[in-house]
Amino acid sequence: MIIDYIYFVSILKIAKLGHPVLVKKTNNIKDLASINIKKIVLDMSETMLDANGIGLAAPQVHLTHKMFIYRNPDIEEGDKVKISVLINPIIEKITDDTEDDWEACLSIPGMSGLVRRFKSIKYEALDLNGNKIFGEVEGLHARVIQHEFDHLNGILYTSRLAHKSAFGFTEEIEKFWKKNNEEK
Ligand code: NI
């Protein structure tokens, strides 16, 4: 019996804060055909959705490839999930303007931090088929890409906090930070 491997999607183990793979730099993927990139993307997608995440970078599943996936907020409609893949990405800020907002990370479960990011960025990358793709994005879309891109350089959001104290267990953050901000 011949079974196409593509039908077997695996949920991968997510590396947690403290694992050295999370602070390592990744390597450009030189030849897309040399690794089973489609299988990696399928497995990472399944892993991200299972964990209720909106982005997942290769180091988070113990891989050293320069690539990440994320749920694309600009093209999702209703319940439809749309996942984008950026391979060998390069990003650049469009403006110096920054914005602070709460972030979480599947590698730091249960915690949240207020993170400063550029409001808008442009990116260049390869898609799953090796074609060059470009984009200019802002808001949540720009934030997710900056967060995932940092993972490829071994940087976690905890080193980009807007205030040292604006980090902690999501439960406490909800209680003491978010509610107070809403009331202001
Ligand atoms: Ni993360």
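Charges and exposure in a predicted model

User: Asn52 lies in the loop between helix H1 (37–50) and S1. Why is Asn52 called exposed?

Analyst: Asn52 has a relative accessible area of 69%. Buried means under 20%, exposed over 50% and partly exposed in between, with a 1.4 Å probe and protein chains only as cover, so Asn52 is exposed. Helices (H or I, at least four residues) and strands (E, at least two) are DSSP runs numbered from the N terminus. This is a predicted model, in which local features need pLDDT of at least 70 and side-chain atom pairs pLDDT 80 or more, while totals for chains, interfaces and linings use all residues. Residues are numbered from 1 along each chain as its sequence is written, and side-chain values use heavy atoms, leaving out hydrogens and water.

User: Why does His62 count as partly exposed?

Analyst: His62 has 32% relative accessibility, so it counts as partly exposed.

User: How do you know that Arg117 and Asp150 form a salt bridge?

Analyst: A salt bridge is a side-chain nitrogen of Lys or Arg within 4 Å of a carboxyl oxygen of Asp or Glu. The closest N and O atoms of Arg117 and Asp150 are 2.9 Å apart, so the pair meets the definition. Arg117 lies in strand S5 (residues 111–118) and Asp150 in helix H2 (residues 139–152), so the pair ties together parts that are 33 residues apart in sequence.

User: Are Arg117 and Asp150 buried or exposed?

Analyst: Arg117 is buried at 4% relative accessibility, and Asp150 is buried at 6%.

User: What makes Lys93 and Asp96 a salt bridge?

Analyst: Their closest N and O atoms are 2.7 Å apart. Lys93 is partly exposed at 40%, whereas Asp96 is exposed at 57%.

User: How many salt bridges are found in the whole structure?

Analyst: The search finds 10.
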